[in-house]
Amino acid sequence: MRAKEPQSDTMQFQIAPMIDVIFILILFFMCSAGAVKTEMFLSTTLPGRAVAGKAIKIPDEQIIEIHANGNVVLNGRVFDTSQSHDMPQLTLTLRRFMESSRNNKTEAMVTISPQPEAPYQRIIDVLDSCAAAKIKIVTFSMG
Amino acid sequence: MRMRRHHHEEDLEFQIAPMVDVLLVILVFFITITSASTLQGDRNIKLPVAANAMKPAKTVNEVLLNVHWESGEGKVSVDSVQFTDLSNLTGHLIARVGGRTTYRMIIRADRTTPARYIQKVMAAAANADIPDVVFTAINHD
């Protein structure tokens, strides 16, 4: 039987607990990555002041109305159901509008006109649809 | 050969430098995912959902507005100051903008807020000469 060696005075690096900690960290981040809610942004522009004497390109404009019950109306037609956040019909129409504006070499512009009691979530749904159709100029009509 | 390996094992010591490296990487990761605007964000606000929202280009000049809507009453908090009367908000925003031409306003509003209240907040931005307005949304529920 070997005699017990006296304990070393110098602190030694233990790789096993280090690897344990790293594995726990990786496991934690892997599990939490799917549940992370990321805050993202949807842009809009408020009407600015026009400079006199400067030529202004007039864009192609479409006005989207949002009713208090959540109905989204474009050119007198109701798009998608007010229960769902996804708006595939509106997105498709806006994509076509974007394409025709590009062919006509004009800018596509969407004006959102919500009724006073329209829910904010529905405004975001329409903005999201504009973002999906890659429409850059989105503005609001102030009631 | 055997002696050399034994000598190598004896030299193994705790290296503080790689440990600090790892900790710094973790720290940088947390700093990156926690932007200044998230720190100012109010966790009580239930943000709307938007799958196609994206991060806009970074700007130095921005102001974050938390818009609360509870039992038919709205209030806005900016820079830890609460506004129930939105006519005072314009003055605060004008002072914040300080005549700068490029300024962005970030609106973090509760998903149940009616459009009329959002329009009032946007009118305050327009009166303070802030043309760039962005809405915050989360990627999923």
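Here's a quick briefing on how the two chains of this predicted model are built and how they meet. As a predicted model, it has local features taken at pLDDT of at least 70 and side-chain atom pairs at pLDDT 80 or more, while totals for chains, interfaces and linings use all residues. Residues count from 1 along each chain as its sequence is written, and chains are lettered from A, with ligands numbered from 1, in the order in which they are written. The thing to look at is a sheet of 6 strands that takes β1 from chain A and the other strands from chain B.

**The two chains**

- Chain A has 3 helices and 6 strands, where helices (H or I, at least four residues) and strands (E, at least two) are DSSP runs numbered from the N terminus.
- Reading chain A from the N terminus, you get α-β-β-β-β-α-β-α-β.
- Chain B has 5 helices and 5 strands, in the order α-α-α-β-β-β-α-β-α-β from the N terminus.
- Of the 143 residues in chain A, 22% are buried; for the 141 residues of chain B, the figure is 25%.
- Here, buried means 20 or more other C-beta atoms within 10 Å of a residue's own, exposed means 12 or fewer, and partly exposed is in between, with C-beta atoms placed from the backbone.
- In chain A, 68% of contacts with a separation of 6 or more are between residues 24 or more positions apart; in chain B, 77% of contacts between residues at least 6 apart join residues at least 24 apart.
- A contact means C-beta atoms, placed from the backbone, within 7 Å.

**Where A meets B**

- Chain A puts 34 residues into the contact and chain B puts in 38.
- On the chain A side, β1 (39-45) and α3 (120-132) each give two or more residues, and α3(A) gives the most, with 8.
- That side splits into 19 nonpolar, 11 polar and 4 charged residues.

- The open sheet runs β1(A)-β5(B)-β4(B)-β1(B)-β2(B)-β3(B), with mixed pairing; two strands pair if DSSP finds at least two bridges between them.
- Its edge strands are β1 of chain A and β3 (81-83) of chain B, each pairing on one side only.
- Strand to strand, the twist averages 30°, with angles running from 0 to 180 degrees between N-to-C directions of axes fitted to C-alpha atoms, for helices over the stretch in contact.
- Within chain B, β4 (residues 104-109) runs parallel to β5(B) with 4 bridges, and R104(B) has D132(B) as its bridge partner.

**Helices and core**

- Helix α4 (residues 87-97) of chain B lies across β1 (62-70), β2 (73-78) and β3 of that chain, at about 140° to β3(B).
- Buried residues in α5(B) include Y117(B), I118(B) and V121(B), and D129(B), just after this helix, takes a positive phi of about 60°.
- The largest nonpolar core has 51 residues, and L42(A), I123(A), L127(A), L65(B), I107(B) and V121(B) touch the most other members.
- Such a core is a set of buried Ala, Val, Leu, Ile, Met, Phe, Trp, Tyr and Cys residues joined through C-beta atoms within 7 Å.
- Leaving out residues up to four places away in sequence, L65(B) touches V76(B), M105(B) and V121(B), among others.

How values were computed: Contact = placed C-beta atoms within 7 Å. Nonpolar A, V, L, I, M, F, W, Y, C, P; charged D, E, K, R; others polar.
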